[in-house]
Amino acid sequence: MKGLMIKDLMCLRKQMILFAYTVAGVLALSIMYVLSARFGNIAAANQSMMIENNMSEIDINNLSTEALILFMLIPIAMVGDTTTIFKMDGKAGFSGVSSILPISIGQRVMAKYLTVLVMFGIGVTVDIVISFVLSRLTDIMTFADFFGIIISAASLMIIYGALVILFCFLFGYGKEDYAIVVSCAVILITAILVNLKRIKMIFISMYSANSESIDFFSSFINFIKHKSLVLFIIAVIVMAASYVVSVEIVKRKRGMV
């Protein structure tokens with residue numbers, strides 16, 4: 001199984017090179033952003049918005065938090081594309097080789113999931129280092145808040161990765177793009193159904209011109225900061241369920257891994 005994981009990681013070597021360049025860029029841009037938000041043009045723009053647009057400090061802080069969240073998402077999102085492994089396996093006809101290896105189907109499928117976890121582990125580690133640096137340069141967010149956002153983002157990406165693997169096995173080689181679309185659709189539909197009442201309140205607030213939408217955004221920020229454990233538990237459950245279903249699919253279809 002270790003050999004299969006190494007093979008999968010080698011399939012992602014070009015992606016890892018791009019990841020390294022991206023991390024360097026994200027670190028540089030995020031440092032410039034927090035310094036500018038504290039001493040430079042962004043700080044001046046924030047003061048101007050508070051005066052001219054009657055925005056509060058909380059509103060400005062939310063905008064800054066949103067920008068930093070985007071910075072935090074990039075390294076994790078960069079390692080989220082695992083369809084490359086399936087595409088390269090399909091082109092190479094690797095299933096014909098792996099089927100004669102003295103490794104069970106469960107272990108072969110497990111190798112895919114462990115590879116995904118290793119990739120996300122790298123992304124999380126890099127994000128933690130970046131957040132530690134940023135937390136020393138800004139008072140917008142503490143390191144604990146950064147850490148909560150990182151775990152929340154990683155949990156969402158793990159859910160996405162688990163679904164992509166599941167649908168890649170279900171649809172078969174050559175249909176990896178469909179697996180991505182369906183996985184995104186499942187996550188989006190689930191999020192809409194879970195937050196249906198809140199979404200309805202947002203539309204109502206748009207017509208009644210109240211501040212409910214801002215309250216919703218604030219609650220969302222607080223959720224991903226302080227309720228990351230909830231998302232992590234959900235991610236573990238989805239990953240485990242995806243693995244069990246994937247093993248059954250591979251046993252029925254054969255020739256997949």
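This is a predicted model: local features need pLDDT of at least 70, side-chain atom pairs count only at pLDDT 80 or more; totals for chains, interfaces and linings use all residues.
Isoleucine 237 lies in helix α12, which covers residues 228-253.

The protein chain has 12 helices and 0 strands, so that the pattern read along the sequence is α-α-α-α-α-α-α-α-α-α-α-α. Of the 257 residues in the protein chain, 41% count as buried.

Helix α12 also takes part in a helix pair. Two packed helices are described by the angle between their axes and by the distance between those axes. For helix α7 (residues 105-135) and α12, the angle is about 140° and the axes are 9 Å apart. An angle over 145 degrees would be needed for the roughly antiparallel class; α7 and α12 are therefore oblique to each other. The crossing in which α7 passes α12 is right-handed.

Helix α7 also contains glutamine 107. This residue has a relative accessibility of 36% and therefore counts as partly exposed, a class that lies between 20% and 50%. Glutamine 107 can be related to a residue at a distance in the sequence: leucine 4 is 103 residues away along the chain, and the C-alpha atoms of the two are separated by 9.5 Å.

A further link between separate parts of the sequence is provided by charged side chains. How many salt bridges does a search of the whole structure find? The search finds 1. In this salt bridge the side chains of lysine 87 and aspartate 177 meet, with an N to O distance of 3.5 Å. The pair links distant parts of the chain, its two residues being 90 residues apart. Lysine 87 belongs to helix α5 (residues 83-92), whereas aspartate 177 belongs to helix α9 (residues 176-194). Is lysine 87 buried, partly exposed or exposed? Lysine 87 counts as partly exposed, because its relative accessibility is 33%.

Key:
Residues are numbered from 1 along each chain as its sequence is written. Side-chain values use heavy atoms; hydrogens and water are left out. Helices (H or I, at least four residues) and strands (E, at least two) are DSSP runs, numbered from the N terminus. Axes are lines fitted to C-alpha atoms, for helices over the stretch in contact, and angles run from 0 to 180 degrees between N-to-C directions. Angles under 35 degrees count as roughly parallel, over 145 as roughly antiparallel, 65 to 115 as roughly perpendicular and the rest as oblique. A crossing is left-handed if the near helix is turned anticlockwise from the far one by less than a right angle, and right-handed if clockwise. Buried means under 20% relative accessible area, exposed over 50%, partly exposed in between (1.4 Å probe, protein chains only). A salt bridge is a side-chain nitrogen of Lys or Arg within 4 Å of a carboxyl oxygen of Asp or Glu.
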